[in-house]
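Dear colleague,

Please find below the structure that I am handing over to you. My findings follow directly after it.

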Amino acid sequence: MRPEELGQDELEQIRRYEDFTTIDWIHDSILERDRRIRNTRALNASRRGPAGEITLPWLWAQFRRVLDTGQSWFVVSLVGVCIGLNAAIISIVTEWLSDIKMGYCSDGWWLNQQFCCWEIEGEEIDGCESWHPWSTVTLARWSIFIMFAALFSFTAAHLVRSLAKYAAGSGISEIKCILAGFVMQGFLGFATFFIKSITLPLVIASGLSVGKEGPSVHVACCVGSLVAGLFGKFSRSQSKRREIVTAASAAGVAVAFGSPIGGVLFSIEEMSSAFSIKTMWRSFFCALMATVTLSAMNPFRTGKLVLFQVTYNRDWHFFEIIFFIILGIFGGLYGAFVVKFNLQVAAFRRKYLGNHGVAEAVTLATLTAVVGYFNRFLRLDMTESMAILFRECEGGGNINNLCQTPQQWRIATSLLLATAIRIGLVVISYGCKVPAGIFVPSMAIGATFGRMVGIMVKAMYRAYPQSGMFAFCKPDIPCITPGTYAFLGAAAALSGVMRITVTVVVIMFELTGALTYILPTMIVLLVTKAVGDFLGTTGIADEMIRFNGFPFLEKEDHAYNVSVSSVMRKDMQLLPESGMQVKDLESILATTNVKGFPIISSDGRSTLLGYIGRTELRYVLERARRMQDIHPDIPCLFVSHSSDQGNFSMDLEDDASAGFFEEGATTQGLRFWPWVNQTPMTVSPQLPLEIVMQLFKRMGPRVILVENHGSLVGLVTVKDVLRFIATKKLDQGLSWDDRGGLDGLLEEVWTWSAELLFKIVDWSRRVVQR
């Protein structure tokens, strides 16, 4: 792609940002401060009687103070319990739907295979008389398997398209933007929550190579937003509501992996750009409540929170670090490959399949069922497959002849095929118009590859037990545990595609409960990160943010060596402090679509006096009209020259604002000044752009005004910064990714290999002719 084409494509994506609105976190904090002051004054107004006696108003004030203090923890607890209940129900339904494709239970149609054959130990059900396959003929079972897969995927895709389009996909990218302050109406609504909870088990049971862990985070955040919206303290404050949503995201990961601490770290490392200690404690408590609820529900009746929990009793050896590094390299390459080609598939999907989401989902599910039925590791549900691959061979781990030495090479070949096929299916399936995550599919791919490597290392030990490499192995204890290789491979693949490290280490530790394998996990993930950094890979969630055109600044800092004057917008819509009438203001609102207006002095010096949002202007005009008839020629007052102005900002939902309209418009004009932000964030034109980006990321203003010695000269928003970054890339030359990235490297390797093969064939032909 030429630089000019690259710039036009990226700038076209930047233009789509205009569809989004942002929250001004500074203004929201000011409003929250004013509410807190008013509430404190109201509580302090209720005092004891003249003789110090306890009065009913004083008791009521104390009760309200206690209630307000404990309300946050009550909401967090309620959110955690609801998330745990929802996760347990989804797990139970998913297990039943996954098993119904293979057969049914004669003791009760509502029982899945595990509960139907409860008395049978292990995973083999050949001796279970209560479980009946749909047919004894292989072709018929295959056809029924495909039919159920197509039916489940059709139902899920149709429900998503008809009732809740936001229920499609993972949702993590959008939630990152929402937590950063961008408003997406309906994304955390009840319809999205309900439809995604219903369709998620259908999608997993259909066999699509997608996971439920990412969508589980989205569902958990929906629960957090809905529950918080029931309480006025959180419904009025966007910052407090997003604290609950952040805590809910931690609980979503906690119930998905049975890892409460890992969930908290995930919300810190991946989800939230600004994380306070208070939010961390609430996230931990919410994750704890959700995990306790899920444990009490015990959906699998095994005491495990997730199917692939495992415990290792044996230690590892230092010579295995060589093979751990191989797993880390695989994780880095896998992440780069999937991120790169999945974005290309997403571009193809947007261009050609935008109106065919249901047909695409059914086709992918049918293809997955047709291809995967004859591979034992593709036919099983991915969580069940990982549960088998993670186990030690001793103690019931020999399932499907996985540990039989005569079968080891056939098993290894089957695992290699499962790895390759699953990678292809993940690339084309992730992003289709159904609830779809990538956590578990990536872990399943890493598990199959890791188990294959473990089997090969174990075969090497059996073939050469006297080799110096195996000198540390004790003869009476199994030297190699292939299950640990599957476990580490799963961690590498997850880290490679999501580009998170510390979270994965803690999640894996909580899954195993073994301190022994923390060091190997850290080694594997550091190698994975090094490979990803070398290839310039970005996490798939961040790449999807860029692809979808969401306005979001990256956490990483970059040096651009320019001042904010090079980025700021100079053609602004300004409001003078005086001389403007209501009809003029209505004309400006009708002909522009900007979100706010700087207010300047009318003396020609353009002295900045304040900033008012478009929403506030419309609110004042409509509220004033409802109170009385407003003449179009009434002046607009943006600055108060009297002493009654006070030092506060009026809230749109504040009942006290009614008094300003009940008094009617004064003889001087319609008063807008109570809603004017008199202290907007301002910077100097010479300030470096990097500092302005830090202000956006850490303080969250909607707009930063640029003034030079008190005079307004421009303004800058996140969208302006992103436009500059998109154009700046053209002057820096093509990066690794712009030059083709991983697919370019593969194409070069393929071309070089084809040329080498042609030369070898031509040389052989000449030799034979001689």
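In which sense do strands E11 and E12 pair, and over how many bridges? Strand E11 (residues 704–708) pairs with E12 in the antiparallel sense, over 5 bridges; two strands count as paired if DSSP finds at least two bridges between them. Helices (H or I, at least four residues) and strands (E, at least two) are DSSP runs, numbered from the N terminus.

This is a predicted model, in which local features need pLDDT of at least 70 and side-chain atom pairs count only at pLDDT 80 or more, while totals for chains, interfaces and linings use all residues. Residues are numbered from 1 along each chain as its sequence is written, and side-chain values use heavy atoms, without hydrogens and water.

Within the pair, Ile704 stands opposite Val716 in E12. The open sheet has 3 strands in the order E10-E11-E12, with mixed pairing. E10 (682–683) and E12 (711–716) are at its edges with a single partner strand each, so one side of each has no neighbour in the sheet.

Turning to the cores, a nonpolar core is a set of buried (under 20% relative accessible area, 1.4 Å probe, protein chains only) Ala, Val, Leu, Ile, Met, Phe, Trp, Tyr and Cys residues joined through side-chain atoms within 4.5 Å. The largest has 119 residues, and Phe308 is among those with the most contacts inside it. Helix H18 (residues 439–463) gives the largest share of this core, 12 residues. A second, separate core of 22 residues includes Leu589 and Phe672.

Helix H5 (residues 138–163) has 26 residues; its buried residues include Phe145 and Val160.

Yours sincerely

Conventions: The expected span of a helix is 1.5 Å times one less than its number of residues. Buried means under 20% relative accessible area, exposed over 50%, partly exposed in between (1.4 Å probe, protein chains only).
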